[in-house]
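Here is a short briefing to read alongside the model. Have the sequence and the 3D view open, and let's walk through them together.

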Amino acid sequence: MKVLGVDPGLTRCGVGVVDGVAGRPLTMAGVGVVRTPADADIAHRLVLIERGIDEWLDEQRPDCVAVERVFSQHNVRTVMGTAQASAVAMLCAARRGLPVALHTPSEVKAAVTGSGRADKAQVGAMVTRLLRLDAPPKPADAADALALAICHIWRAPAVNRLQQAHAANRLQQAQAAARARPAPAGVRRTPARALGPRSEAPQKGTR
């Protein structure tokens with residue numbers, strides 16, 4: 001599985017690509033940052049982010065895209081720009097028919113370091129170790145993007161099993177509801193097991 005991780009941001013949008021499967025050594029396929037000028041208007045900055053992510057998608061051709069789930073209880077102005085950059089990343093992926101996964105920062109930290117409260121230095125150190133790099137990727141946005149990709153590769157099998165279990169449970173509930181639904185007036189339901197094999201009337205022979 002080849003995953004493009006995106007750490008959304010207006011000034012610096014981290015991008016990292018990791019290739020591999022859960023339980024085996026992972027490989028970094030690429031890492032970088034899409035930058036936009038802080039003095040440009042928001043619409044132009046979003047266009048630049050779109051172009052940058054499109055270039056990464058065209059070059060790397062990942063199987064899916066993992067984006068940080070954006071939320072904040074404090075600086076609403078900052079989180080709005082981050083959310084807009086996140087939406088651009090999801091749009092670029094969806095336009096190519098690529099699945100998009102959202103992971104919270106605590107999920108990523110817990111998956112990579114074992115602690116949902118790890119700081120950026122700890123995340124960078126573990127990314128360096130897991131991908132067997134010579135040094136932590138700079139800036140921190142790039143390391144966070146790689147951490148997102150790693151998190152998704154490791155979590156994808158469990159998430160898929162959970163989704164399959166939910167789908168099977170919904171199907172069972174729908175079937176149970178259909179059996180419990182009363183039959184229309186004048187219609188008598190016969191259990192399938194009560195029906196014997198269908199027989200055909202014997203044909204008359206000719207002499």
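Aspartate 7 sits in strand 1, which runs over residues 2–7 of this predicted model. Aspartate 7 counts as buried because its relative accessible area is 6%, under the 20% cut-off.

**The annotated site**
- According to the unreviewed UniProt entry, the "active site" annotation covers Asp7, Glu68 and Asp141.
- These positions are spread over 135 residues of sequence, yet they cluster in space, with a largest C-alpha distance of 11.2 Å.
- Asp7, Glu68 and Asp141 are also part of the lining of the largest pocket.

**Contacts around the site**
- Beyond its neighbours within four places in sequence, aspartate 7 is in contact with residues including Glu68 and Asp141. Its other partners include Arg12, Cys13, Asp144 and Leu148.
- Glutamate 68 belongs to strand 4 (residues 64–68).
- With neighbours within four places in sequence again left aside, glutamate 68 is in contact with Val6, Asp7, Pro8, Ser86, His103, Pro105 and Leu148.

**The nonpolar cores**
- The largest nonpolar core has 20 residues, and Leu4, Val6, Ile49, Ile53, Leu57 and Val65 have the most contacts inside it.
- At least two residues of this core come from each of strand 1, strand 2 (12–19), helix 1 (42–60), strand 4 and helix 2 (76–95).
- A second, separate core has 18 residues, among them Val3, Val18, Cys64 and Ala118.

How values were computed: Residues numbered from 1 in each chain as written. Predicted model: local features only at pLDDT ≥ 70, side-chain atom pairs only at ≥ 80, totals over all residues. Heavy atoms only, no water. UniProt positions renumbered as here; feature names shortened; annotations may be inferred. 1 Å grid on protein atoms, 1.4 Å probe; cavity = no way out; pocket = protein on both sides within 12 Å on 5 of 7 lines; lining within 4 Å. Helix = DSSP H or I, 4+ residues; strand = E, 2+ residues; numbered from the N terminus. Buried < 20%, exposed > 50% of the residue type's maximum accessible area, 1.4 Å probe, protein only. Contact = heavy atoms within 4.5 Å. Core = buried A, V, L, I, M, F, W, Y, C linked by side-chain atoms within 4.5 Å.
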